[in-house]
Amino acid sequence: MASEEKTREILKAIQDAVVGYDEETCERLCSSVLEEGIDPHRAVVEGLTGGMERVGELYNSQEYFVPELLLCADALNAGLNVLKPHLKIEDAARKGKLLIGVVEGDIHDIGKNLVRIMFEAAGWDVYDLGNNVKIERFVEEQKKANTDIVALSALMTTSMLAMPKIIGALKAQNPGVKVLVGGAPLSQEIAQRYGADAYAPDAVAAVKRAADLIG
Ligand code: B12
């Protein structure tokens with residue numbers, strides 16, 4: 001077991017590898033997370049996601065542009081591939097079926113992918129519709145797969161405006177279906193206003209909120 005100091009050092013180095021779009025180092029550090037007995041969830045949240053948050057700040061301050069963002073996302077995904085098989089969550093919480101997608105007009109899927117991975121790790125059946133998903137597709141696929149929950153992701157203040165329409169259409173078809181929403185511009189207050197059943201700020205909280213919804 002690594003000491004807390006060593007753990008923090010490795011997590012910070014993972015962040016730096018994402019920010020520095022260094023795929024190889026990111027992969028190697030994520031392997032060392034496993035070797036050192038560090039919690040892989042912590043490596044995803046504090047290391048990989050923490051790194052992407054720093055990338056977001058660099059984009060906002062115009063130090064990074066779209067090409068850098070894509071390279072950083074590659075480094076994040078390389079590390080995630082190493083950690084993914086080790087993200088099993090052993091708990092008694094009920095597991096259900098989840099349909100997930102990024103709303104129409106929005107191609108940001110890094111956060112959605114993290115949410116999907118956490119649900120898969122927790123033993124849920126997950127149907128991933130990808131990004132830029134039309135309202136009708138959410139409705140059709142929910143009916144087909146008969147999922148307990150539909151999870152909607154949006155990263156833009158413009159694209160999130162589709163959410164109340166999707167929620168309305170889903171509930172009109174199947175009043176029992178629960179809708180969970182998330183993504184950087186969302187909040188508890190907006191989720192409520194949109195008619196969602198729940199909001200979660202991150203991928204780990206998403207699984208807990210979903211388990212509560214069907215519990
Ligand atoms: C990476 C990035 C990109 C990448 C996306 C790569 C990919 N495959 O996803 C690329 C380069 C392609 C891109 C493109 C664009 N982007 Co961009 N992008 C970002 C950036 C820097 C980071 C987003 C990210 O991945 N964060 C890391 C992940 C892990 O965090 P997250 O997505 O928030 O997810 C977490 C939580 O929110 C939550 N969560 C997410 N989804 C869900 C769903 C559920 C159900 C739940 C419960 C929780 C949940 O859990 C996740 C994990 O903990 C943000 C800036 C920022 N600071 O957020 C801008 C940002 C989102 N982009 C922005 C813009 C404007 C664009 C472009 C229009 C730019 C352009 N001019 O071309 C385009 C096109 C977008 C389109 N049509 O979709 C703006 C949006 C502004 C707005 N209107 O709100 C932002 C905010 C930047 C800015 N400050 O201007 N972008």
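Author: The largest nonpolar core has 45 residues, and the members that touch the most others are Ile14, Val18, Val44, Leu48, Phe119, Trp124 and Leu180. The model is a predicted one, in which local features need pLDDT of at least 70 and side-chain atom pairs count only at pLDDT 80 or more, while totals for chains, interfaces and linings use all residues. Residues are numbered from 1 along each chain as its sequence is written, and side-chain values use heavy atoms, with hydrogens and water left out.

A nonpolar core here is a set of buried Ala, Val, Leu, Ile, Met, Phe, Trp, Tyr and Cys residues joined through side-chain atoms within 4.5 Å. Buried means under 20% relative accessible area, exposed means over 50%, and partly exposed lies in between (1.4 Å probe, protein chains only). In soluble globular proteins, nonpolar side chains tend to be buried together.

The domain bounds come from an automatic or database domain assignment.

Leu48 shows the packing in detail. Leaving out residues up to four places away in sequence, Leu48 touches Ile14, Val18, Cys26, Cys30, Ala43, Leu76, Gly79, Leu80 and Leu83; contact means heavy atoms within 4.5 Å. Another core, of 24 residues, lies apart from this one and includes Val103, Ala154, Val177 and Leu186.

Val82, in helix α4, is buried at a relative accessible area of 19%. Val82 touches Glu27, Cys30, Ser31 and Leu34, again not counting residues up to four places away in sequence. Val82 and Cys26 are 56 residues apart along the chain, yet 9.5 Å separates their C-alpha atoms.

Next, the two domains as units. Their centres, taken over C-alpha atoms, are 25 Å apart. Nine residues of domain 1 and seven residues of domain 2 take part in the contact between them.

Now the sheet. Its five strands form an open sheet in the order β2-β1-β3-β4-β5, with parallel pairing; two strands pair if DSSP finds at least two bridges between them. The edges are β2 (125-128) and β5 (198-199), each with a single partner strand, so one side of each has no neighbour in the sheet. Strand β1 (residues 97-102) runs parallel to β2 and is joined to it by four bridges. Leu98 has Val126 in β2 as its bridge partner.

Helix α6 (residues 135-145) packs on this sheet, where it touches β1, β2 and β3 (149-153), and its direction makes about 165° with that of β1. Angles run from 0 to 180 degrees between N-to-C directions, and the axes are lines fitted to C-alpha atoms, for helices over the stretch in contact. Helix α9 (residues 203-214) lies across β3, β4 (178-182) and β5, at about 165° to β4.

In α6 the buried residues are Phe138, Val139, Glu141, Gln142 and Ala145, and they pack against β1, β2, β3 and α7 (163-173). Glu141 counts as buried at 16% relative accessibility. With residues up to four places away in sequence left out, Glu141 touches Leu99, Leu129 and Asn146. Asn146 follows α6 and has a positive phi, near 45°.

Most residues other than glycine have a negative phi, and most peptide bonds are trans. Gln62 is not a glycine but has a positive phi of about 60°; it lies in the loop between α3 and α4 and is exposed, with a relative accessible area of 58%. Asn132, in the loop between β2 and α6, has a positive phi near 50° and is partly exposed at 40%.

The cobalt atom of the ligand has a single protein donor, NE2 of His108, 2.2 Å away. His108 is in the loop between β1 and α5. Donors are N, O and S atoms within 2.8 Å of the metal (3.2 Å for Na, K and Ca), and water is not among the atoms, so sites may look incomplete.

Definitions and conventions. Helix = DSSP H or I, 4+ residues; strand = E, 2+ residues; numbered from the N terminus.
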